Amino acid sequence: MAPWIWKIIACVAFIVLGPFIGGLLAGIDRKISARMQRRVGPPIRQPFYDVGKLLAKENASDNATEHVYVWMYLIMAVIAGCIFFSGGNFLLVSFILTLGSLFFIVAAYSTRSPYAEVGAGREILQVMTYEPMVILVAVGFYMVTGSFNVVDIAAGVNGVAPTICWLPLMFIGFCYILTIKLRKSPFDLAMSAEAHQELVKGITTEMSGKTLAIVEIAEWYETVMFLGWVALFVSWASWVGVIVCLVCLFLVYFFEILVDNNFARVKWDVMFKSSWWLAFVFGALNLAAIQLIQHFVM
């Protein structure tokens with residue numbers, strides 16, 4: 001089958017299955033969190049019920065542009081996911097996601113709500129916090145595989161070993177900032193999924209009805225894609241690699257839920273400083289080690 005046909009199939013699969021898998025993961029997240037807190041918790045399908053109710057509600061937005069910006073946030077997430085799962089450029093994917101985050105931030109600012117603006121300011125800070133690590137990860141992938149293309153990175157190093165063998169410190173750093181990107185405590189400053197964290201809902205304070213449903217669906221798409229980023233570290237051209245990849249994804253996601261339920265929210269400066277220090281120390285050490293290894297081997 002021609003490569004372009006596989007790319008189309010991958011794009012369609014992500015567009016169709018992305019919200020289903022993302023919503024399912026959100027339901028599992030809630031269920032595991034409830035069990036950790038000795039509660040029964042909602043059914044796993046509860047996120048789909050919630051979004052269904054939001055879609056059935058009338059829009060109460062006082063600003064028409066807010067809805068447009070939120071739609072752009074969703075569209076950017078879908079485009080980035082299609083490029084990623086069709087084996088496109090990893091660096092391009094990260095830039096498109098950042099653009100989507102900017103649309104989301106502008107949507108909050110367009111409401112002129114002081115609470116939403118505080119959430120938008122925190123969202124900007126979070127983007128500034130995790131972007132250096134994402135760029136360093138992309139550079140690390142390139143140094144190890146010689147390509148920014150997802151299809152080449154997923155094949156591992158020469159098709160015989162996953163990239164995590166060369167990027168262990170990068171993987172630790174990425175899992176650290178993944179907590180920010182998945183909006184987990186202690187780094188859920190801009191928007192929290194938990195009611196006890198704040199009186200108002202951060203960046204989505206003024207969003208309701210269909211607008212809020214679009215935000216939820218966009219986040220489901222992003223969750224699937226971020227786990228796809230994790231998979232790049234542990235996948236290689238082997239069926240064993242597929243099994244290892246699935247086990248690693250389960251462990252990483254469970255770890256994020258565990259952290260979310262055991263740590264209170266920190267101040268913004270703790271998040272910012274710790275993420276940048278981890279990015280530059282772990283990232284620099286890992287890149288330097290790769291450079292030395294490649295120098296002596298070649």
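**Before you start**

The model is predicted, so local features need pLDDT of at least 70 and side-chain atom pairs count only at pLDDT 80 or more, while totals for chains, interfaces and linings use all residues. Residues are numbered from 1 along each chain as its sequence is written, and side-chain values use heavy atoms, with hydrogens and water left out.

**Stop 1: the whole chain**

Show everything as a cartoon. The protein has 10 helices and zero strands; both are DSSP runs numbered from the N terminus, with helices being H or I of at least four residues and strands E of at least two. Along its principal axes, the C-alpha trace spans about 60 × 45 × 40 Å. How does the radius of gyration agree with that of a compact globule? For 298 residues such a globule would come near 19 Å, and the protein has 19 Å, which agrees. That radius is taken over C-alpha atoms, and the globule rule is 2.2 Å times the number of residues to the power 0.38.

Now colour by accessibility. Buried residues make up 49% of the 298, where buried means under 20% relative accessible area, exposed over 50% and partly exposed in between (1.4 Å probe, protein chains only). Of the contacts with a separation of 6 or more, 77% are between residues 24 or more positions apart; a contact means heavy atoms within 4.5 Å.

**Stop 2: helix α9**

Select residues 239–260, which form helix α9. The expected span is 1.5 Å times one less than the number of residues. Buried positions in α9 include Gly 241, Leu 249, Val 252, Tyr 253 and Ile 257.

**Stop 3**

Which cysteine sulfur is closest to that of Cys 175? The one in Cys 248, at 7.0 Å, is too far for a bond. Cys 175 is buried, with a relative accessible area of 12%. Cys 245 is in no disulfide either, as its nearest cysteine sulfur, again that of Cys 248, is 6.9 Å away. Cys 245 is buried too, at 10%. The structure holds zero disulfides, the cut-off being two cysteine sulfur atoms within 2.5 Å.

**Stop 4: Glu 219**

Go to helix α8 and pick Glu 219. Is this residue buried or exposed? Glu 219 is buried, with a relative accessible area of 15%. Leaving out residues up to four places away in sequence, Glu 219 touches Tyr 73, Arg 183 and Met 191.

**Stop 5: the rings**

Show the aromatic side chains. The whole structure has 19 aromatic pairs. Rings of Phe, Tyr and Trp (its six-membered ring) pair if their centres lie within 6.5 Å; planes under 30 degrees apart count as stacked, over 60 as edge-to-face and the rest as tilted. Phe 20 and Phe 48 are a stacked pair, 6.0 Å centre to centre with 25° between the planes. The pair links helix α1 to helix α2 (residues 46–56), across 28 residues. Phe 20 is partly exposed at 47%, as is Phe 48 at 28%.

Next, select Phe 90, Phe 141, Phe 171, Phe 174, Phe 226, Trp 229 and Phe 233, a cluster linked by ring pairs.

Finish at Tyr 130, where Lys 181 lies over the ring face at 3.6 Å from the centre. Here a charge counts if NZ of Lys or CZ of Arg is within 6 Å of the ring centre and within 35 degrees of the ring normal.
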